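The following exercises are meant to be worked through with the sequence and the model at hand. Each task is followed by a solution in steps.

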Amino acid sequence: MQTVETDRIVIVGAGLGALYAALKLAPRPVVMISPETLGEGASSAWAQGGVAAAMDAADSAQSHAADTVKAGDGTVDHGIADLVTQEARAHILDLTELGTPFDRTKDGGYVMSREAAHSFARVVRVKGDQAGAEIMAALIDKVRQTPSIQVLEGTMATELEVTEGRVTGIAVEAADDLRSLPVMLRGAAVLLAGGGSGGLYALTTNPPRIRGQVIGMAARAGAMIADPEFVQFHPTAMDVGEDPAPLATEALRGEGAILINDLGERFMQAVHPDAELAPRDVVARAIFAQSQAGRRPMLDTRDVLGEAIKTQFPSVAEACARNGIDPAVEPIPVAAAAHYHMGGIATDEHGRASLGNLWVCGEASSTGLHGANRLASNGLLEALVFARICAEEIAAVVPEGTAPLINLTFEEGGNPPDPMAVRALRETMTSHVGVVRDASGLKTALRKIAALESDYGSSMSFLNMTATATLIAAAALTRKESRGAHERSDYPEAFPGDGERSRLTLNDALAIRSQICKETS
Ligand SMILES: Cc1cc2nc3c(=O)[nH]c(=O)nc-3n(C[C@H](O)[C@H](O)[C@H](O)COP(=O)(O)OP(=O)(O)OC[C@H]3O[C@@H](n4cnc5c(N)ncnc54)[C@H](O)[C@@H]3O)c2cc1C
């Protein structure tokens with residue numbers, strides 16, 4: 001394999017975590033591996049609600065931490081929740097300084113949205129539902145002006161090189177449909193900020209690139225993985241036949257939008273005292289139950305917003321218009337879709353993975369902040385807080401200096417994932433590892449994943465996807481209880497008391513998978 005040596009710090013990904021870390025590392029030289037043009041392909045740019053932070057004088061980081069712990073259903077790391085919520089305010093002020101045009105009140109305060117399971121209106125937003133796009137635009141502008149940051153657009157990572165427990169290189173290839181032969185990039189340190197895995201499911205809100213590849217890549221290299229079974233399903237993805245499914249942000253329910261079915265029944269009132277503002281997993285399961293019963297769940301914004309949805313929530317209005325829906329006069333069909341991965345590469349409070357010279361931030365990591373269920377709008381916040389922590393930690397071990405620009409030339413001969421295999425994998429995950437799980441479905445999933453891997457496993461990208469899928473399904477099979485977003489119809493109760501986080505390597509998950517495959521042979 002062609003090898004390129006560099007003194008640059010290699011950052012995998014180009015979402016919020018990657019961009020923010022690259023800026024915080026300046027002037028240390030950085031190279032970002034970005035599959036798309038900056039701003040595209042990342043969940044960060046699609047975030048609608050905003051960033052959770054106790055900005056109001058009457059609110060507090062303690063209250064934010066308490067809500068985070070409660071939503072996580074017994075498996076949140078309290079120390080991490082305190083750390084992240086205490087840092088939140090400073091990051092909002094920093095983003096403001098970096099040029100994010102947060103919505104402001106007449107007296108200069110921040111406009112705060114109310115989202116489910118928050119005891120306070122505490123989500124800062126931009127132009128209604130434009131938070132992700134606007135934060136990303138501000139950071140991309142700064143990154144483009146920062147000479148220490150080199151962005152390799154059109155490249156993606158497929159493999160980690162590990163020598164004596166330490167990451168020493170990373171294989172990258174062209175990110176287009178044909179791919180290329182890999183090039184081994186050996187840099188000063190590696191920060192993974194490659195996002196979550198929602199796109200491993202056929203019904204998802206995540207961009208197509210977000211298919212658990214970076215988590216799988218680290219797992220294949222031997223990194224410890226935490227809580228992979230905890231996948232959050234967003235209750236109100238628009239059920240309009242688009243892949244990915246456009247999102248109807250939770251802030252709409254914060255504004256008072258209600259959920260009804262095709263009979264016009266407001267079904268959440270019978271499910272939870274907070275009705276539409278119940279925790280996300282509760283609402284997702286209720287929506288899923290309505291869908292399963294053929295009762296077509298819908299989000300009704302007519303009374304509460306009327307025509308104002310078009311100016312206050314432009315992304316939602318645009319997706320409606322694209323699909324011939326006028327939300328001012330008709331309700332929006334919705335379905336529960338894979339949205340956020342609480343699990344990921346296990347990290348400590350310094351953002352360090354179990355392998356040496358490897359740091360992880362953002363959705364690819366599992367820091368312990370979210371437990372079994374992420375509190376709304378804590379995702380962007382976690383990416384910000386740990387991007388900075390990782391940058392500071394890496395800066396402590398990589399000296400300042402300069403490095404020449406990297407010039408990568410890719411040779412033909414790549415091995416892209418087979419689209420049919422990817423489709424089959426995604427359908428397997430939605431059908432058998434989705435909102436409600438049971439042993440029989442999870443075993444079916446593990447067998448199907450094993451078969452797909454054996455037929456199509458010559459593509460590294462595909463192997464990265466099947467690794468993450470295996471980890472999710474194996475951990476879901478092992479967790480014989482229902483907790484947070486992980487619902488087992490055959491084990492409907494949670495174990496008494498606080499839950500335990502799961503930690504496993506890919507080898508552990510493969511051992512479970514091969515045992516299941518043997519059961520049928
Ligand atoms: C529709 C939607 C709405 C959301 N709304 C909110 C919200 O309002 N508030 C909130 O807090 N959270 C929200 N979230 C979650 C939040 O957006 C994410 O958790 C957060 O953006 C993750 O940031 P990240 O930098 O870790 O990953 P991402 O922003 O997803 O970036 C990952 C990057 O890694 C790249 N990548 C992927 N694979 C590879 C590879 N193999 N090699 C190299 N690069 C790779 C991708 O191209 C991308 O650039 C939302 C998510 C979605 C999908």
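**Exercise 1. Cis peptide bonds**

Where is the place of Pro 244? Identify also the peptide bond that joins Asp 243 and Pro 244.

Solution. The model to be examined is a predicted one.
Step 1. Pro 244 is placed in the loop between β13 and α6 (251-254).
Step 2. The bond between Asp 243 and Pro 244 is a cis peptide bond, with omega of about 0°.
Step 3. A cis peptide bond also joins Ala 26 and Pro 27, where omega is about 10°. Pro 27 belongs to the loop between α1 (16-25) and β3.
Step 4. As background, most peptide bonds are trans.

**Exercise 2. Positive phi angles**

Solution. 
Step 1. Although Asp 73 is not a glycine, its phi is positive, at about 60°.
Step 2. The relative accessible area of Asp 73 is 31%. Since buried means under 20% and exposed over 50%, Asp 73 is partly exposed.
Step 3. Lys 127 is not a glycine either, and its phi is positive, at about 40°.
Step 4. With a relative accessible area of 46%, Lys 127 is partly exposed.
Step 5. As background, most residues other than glycine have a negative phi.

**Exercise 3. An open sheet**

In what order do the five strands of the open sheet follow one another, and which are the edge strands?

Solution. 
Step 1. The order is β7-β3-β2-β11-β18, and the pairing is parallel.
Step 2. β7 (149-153) and β18 (358-360) each pair on one side only, and these are the edge strands.
Step 3. Neighbouring strands of this sheet are turned against each other by 20° on average, direction ignored.

**Exercise 4. The partners of a covered strand**

Is strand β16 mostly covered or uncovered? Describe how β13 and β15 are joined to β16.

Solution. 
Step 1. β16 (residues 332-341) is mostly covered, with ten of its ten residues buried.
Step 2. β13 (residues 231-238) is joined to β16 by six bridges, and the two run antiparallel. Within this pairing, Ala 237 has Ala 335 of β16 as its bridge partner.
Step 3. β15 (residues 298-300) is joined to β16 by two bridges, and this pair runs antiparallel. Within this second pairing, Leu 299 has Ile 332 of β16 as its bridge partner.

**Exercise 5. Two packed helices**

At what angle do helices α3 and α11 pack, and which residues make the contact?

Solution. 
Step 1. α3 (residues 78-97) and α11 (residues 378-397) pack at an angle of about 90°, and their axes are 9 Å apart.
Step 2. Angles from 65 to 115 degrees count as roughly perpendicular, and α3 and α11 are therefore roughly perpendicular to each other.
Step 3. The contact residues of α3 include Ile 80, Leu 83, Val 84 and His 91, and those of α11 include Leu 381, Leu 384, Phe 386 and Arg 388.
Step 4. The residues of this contact divide into eleven nonpolar, one polar and three charged.

**Exercise 6. Salt bridges**

How many salt bridges does the structure hold? Examine the pairs formed by Arg 209, Glu 173 and Glu 481.

Solution. 
Step 1. The structure holds 34 salt bridges.
Step 2. In one of them, the side chains of Arg 209 and Glu 36 meet at 2.7 Å, N to O. Arg 209 lies in the loop between β11 and α5 (213-220) and Glu 36 in the loop between β3 (30-34) and β4 (51-52), so the pair ties together parts that are 173 residues apart in sequence. Arg 209 is partly exposed, at a relative accessible area of 22%.
Step 3. Glu 173 and Arg 179 form a salt bridge at 3.6 Å, N to O. Glu 173 is buried, with 5% relative accessible area, and Arg 179 counts as buried at 10%.
Step 4. Glu 481 forms a salt bridge with Arg 479, with 2.6 Å between the closest N and O atoms. Both Glu 481 and Arg 479 are buried. Salt bridges with shared partners join Glu 229, Arg 479, Glu 481 and Arg 483 into one network.

Terms used:
Residues numbered from 1 in each chain as written. Predicted model: local features only at pLDDT ≥ 70, side-chain atom pairs only at ≥ 80, totals over all residues. Heavy atoms only, no water. Pairing = 2+ DSSP bridges. Helix = DSSP H or I, 4+ residues; strand = E, 2+ residues; numbered from the N terminus. Axes fitted to C-alpha atoms, helices over the stretch in contact; angles between N-to-C directions. Salt bridge = Lys/Arg side-chain N within 4 Å of Asp/Glu carboxyl O. Buried < 20%, exposed > 50% of the residue type's maximum accessible area, 1.4 Å probe, protein only. Parallel < 35°, antiparallel > 145°, perpendicular 65-115°, else oblique. Contact = heavy atoms within 4.5 Å. Nonpolar A, V, L, I, M, F, W, Y, C, P; charged D, E, K, R; others polar.
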